[in-house]
Amino acid sequence: MTRETDFEIFLAVVPGLEPTLCAELSEKGFAAPRPEPGGVTIQGGWPDVWRANLEIRGASRILARIDAFRVVHLSQLDKLAHRVDWKGLLRPDVPVRVEASCRRSKIYHAGAAAERVSKAIEAICGAPVNDEAALCVRVRIEDNLCTLSVDTSGELLHRRGFKAEVNKAPMRETLAALFLREAGFDGVEPVLDPMCGSGTFVIEAAEMGAGLLPGRGRAFAFELLAGFDAQAWCMMKAERIEQAAIARSETRCFGSDRDAGAIRMSRTNAERAGVAAMTAFDITPVMELSCPAGAPGLVIANPPYGARIGNKKSLYAVYGALGDALRMRFSGWRAAIVTTDPALARATRLPFGPPGRPVDHGGLKIRLYTTGPLR
């Protein structure tokens, strides 16, 4: 595979948010993104892989699909895996791990499938196979179709490289970015999170307003691949960072929480992300919430659900207090909350429209509830 050769690129996302990620890819200029279960597929070359890892906020990982073929037994997999151009993809001095999954296929033993591909890699390019390696080749056999991919991201993409501290049950940055988009955040209006925890919604919104690319401060697995052009990557990265900064807005983002430790964490994380000047965090209980001066914007929160933090019965009063504060003091602002329970959303007595699609979050099904401008 060369930099000039187009191939299929799969951007994984939390199921339920594929259309939202698809819209982000279109906005960022990636041609003809196509949603499919669990992600979005585009066609492109290695520069597109680099740019997607650098710029896309909602994807959890990005896979380069390097080959696909039909298999019905392990000897066939062994033969076809030896025909793959592993030498053009992997370096002999960089360890790789192989992970496999099998569904509805004649080959049903994932471990045996991974072993066959591992042996092909070692035989053809000499790369050592190690279960602890940072670089991963993924083998997916579904309905007897084997798809081979390399994970170009490495660590999951919500790990931007700036959040030093998190509180209980944190929301991932990738999920926060998608929910901000679903709530209609335009990168310009003010944002307030009244239950900010470690500051994820606030910092993500501030970065979007500031034109700060999510991958600007971290390394990626594609840097370990054979033929990686470090000079071209550095030039692209610098150019894209400069272009993104041109669209910078003066967005102001606010966070509050009743817990002093959460506010300390949020301030530290905002400083590390380079958005301290655009953010403000205060210790404020929900019932004492006040509206920031200036134009109306978006209030967005991820309140406790009762599954992990607190007792669900006591949460009705918390949701009710949030709704009271917003109705009384936030005229013209839109509201958005993430929760597992429609009854908790109703407890706010806010005029929510139909909820968003159910989204898996740590084993729980959550939905985004949004309003229009409050009256």
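**View 1. Cys-125 is a buried cysteine in this predicted model**. Its relative accessible area is 10%, where buried means under 20%, exposed over 50% and partly exposed in between (1.4 Å probe, protein chains only). A disulfide here is a pair of cysteine sulfur atoms within 2.5 Å, and a search of the whole structure finds zero of them. Cys-102 is likewise in no disulfide, with the sulfur of Cys-146 as its nearest cysteine sulfur at 8.4 Å.

A word on reading these views: residues are numbered from 1 along each chain as its sequence is written. Local features need pLDDT of at least 70 and side-chain atom pairs count only at pLDDT 80 or more, while totals for chains, interfaces and linings use all residues, and side-chain values use heavy atoms, with hydrogens and water left out.

**View 2. Trp-86 sits in the largest nonpolar core**. Such a core is a set of buried Ala, Val, Leu, Ile, Met, Phe, Trp, Tyr and Cys residues joined through side-chain atoms within 4.5 Å. Leaving aside neighbours within four places in sequence, Trp-86 is in contact (heavy atoms within 4.5 Å) with residues including Ile-66, Val-117, Ile-121, Cys-125 and Leu-148.

**View 3. Helix H6 (residues 173–182) is mostly covered**. Helices (H or I, at least four residues) and strands (E, at least two) are DSSP runs, numbered from the N terminus. Eight of the ten residues of H6 are buried, among them Glu-173, Thr-174 and Phe-179. Their cover includes H1, helix H7 (200–210) and strand S12 (334–339). After H6 comes Gly-184, with a positive phi near 85 degrees.

**View 4. Helix H1 (residues 18–27) crosses H6 at roughly 85 degrees**. Their axes, lines fitted to C-alpha atoms over the stretch in contact, with angles from 0 to 180 degrees between N-to-C directions, come within 10 Å. The two helices are therefore roughly perpendicular, a label for angles of 65 to 115 degrees. Thr-20, Leu-21, Ala-23, Glu-24 and Glu-27 of H1 meet Leu-178, Arg-181 and Glu-182 of H6.

**View 5. Glu-55 is a buried residue of helix H2 (residues 46–55)**. Its relative accessibility is 4%. Leaving aside neighbours within four places in sequence, Glu-55 is in contact with Glu-24, Lys-28, Leu-213, Pro-214 and Arg-240.

Methods. Angles under 35 degrees count as roughly parallel, over 145 as roughly antiparallel, 65 to 115 as roughly perpendicular and the rest as oblique.
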